[in-house]
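Colleague: I would like to go through a few of the labels attached to this model. Please give the value and the cut-off behind each one.

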Amino acid sequence: MATRSKTWLADKLRGYFPKREEMARNRYLAPIAHRFLSPELWRFTRRSVPRGVALGLFAAFIVPIGQIFLAAFLALPMRANVPLAAAVTFVTNPFTLPFWLVVGNKVGAFTLKVDAVTVGVANESLNSGRFAWLFELFELAGVTAFGFVVLAIVTSALGYVVSGAVWRVIVSRRRAQRLRTMEARLDQRLGAHHG
């Protein structure tokens, strides 16, 4: 049975991520393109992977449009994996944005406890006028925006913890596989030596 390369997962993922040279040629990233070429920002390590996931999720929810650039900029000083941070931002995309807007609104409303009882009499007087729809729209947008801030913080923290745990599991399995392979080779050598 052919054994996988020890970097097979990273190699597979790299096929889906933007290349260093592509990001360096991007006109928006041109002023800091030289920093994107640093090899440490493109390695999959136990520190850079969770940071990349966390920053990607944070950027995805804090700025649901143009989030790739924010993730890339944040990845530089945090020494996070740049392509992973950029790829994770696709959790919010034009197809999933309506879903996340609903979720963001529900999270914001739950967090702020916005309902008819808490808003009170002041809101009734504002909403009774001609521009009631405008106030409702601003309230809806504000609640949803606050929900996105909460989602950015919570998902990035969860993403950091979960990706770190998954990374440790993958590395420990790989290490155990290597040890088994080394033991099998040693047993073969000892068997051949004694035989």
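Colleague: Why is Thr 92 called buried?
Modeller: This is a predicted model. Thr 92 has 2% relative accessibility, and buried means under 20%, so Thr 92 counts as buried.

Colleague: Where is Thr 92 found, and which residues does Thr 92 touch?
Modeller: Thr 92 sits in the loop between helix 6 (82-88) and helix 7 (97-112). Leaving out residues up to four places away in sequence, Thr 92 touches Ala 60, Phe 61, Pro 64, Gln 67 and Trp 100.

Colleague: Which residues of helix 5 are buried?
Modeller: Gln 67, Ala 71, Ala 72, Ala 75 and Leu 76.

Colleague: What makes the reach of helix 5 close to the expected one?
Modeller: Helix 5 spans residues 67-78, 12 residues in total. The expected span is 1.5 Å times one less than the number of residues, which means 16 Å for helix 5, and its first and last C-alpha are 16 Å apart. Just after helix 5, Arg 79 takes a positive phi of about 55°.

Colleague: What is the volume of the second largest pocket, and which residues are closest to its centre?
Modeller: The volume is about 270 Å³. Of the 14 lining residues, Arg 46, Arg 47, Gly 164, Trp 167 and Arg 168 are the closest to the centre. Helix 4 (48-62) and helix 9 (132-194) are the elements that each give two or more residues to this lining. Helix 9 supplies the largest share, nine residues.

Colleague: How do the residues of that lining divide by type?
Modeller: Six are nonpolar, two polar and six charged.

Terms used:
Residues are numbered from 1 along each chain as its sequence is written. This is a predicted model: local features need pLDDT of at least 70, side-chain atom pairs count only at pLDDT 80 or more; totals for chains, interfaces and linings use all residues. Side-chain values use heavy atoms; hydrogens and water are left out. On a 1 Å grid over the protein atoms alone, a cavity is a set of points where a 1.4 Å probe fits but cannot get out, and a pocket is an open set with protein on both sides within 12 Å along at least five of seven lines; lining residues have an atom within 4 Å of a point. Grid points are joined across faces, edges and corners, and a volume is the space filled by probe spheres set on the points. Helices (H or I, at least four residues) and strands (E, at least two) are DSSP runs, numbered from the N terminus. Ala, Val, Leu, Ile, Met, Phe, Trp, Tyr, Cys and Pro count as nonpolar, Asp, Glu, Lys and Arg as charged, and the others, Gly among them, as polar. Buried means under 20% relative accessible area, exposed over 50%, partly exposed in between (1.4 Å probe, protein chains only). Contact means heavy atoms within 4.5 Å.
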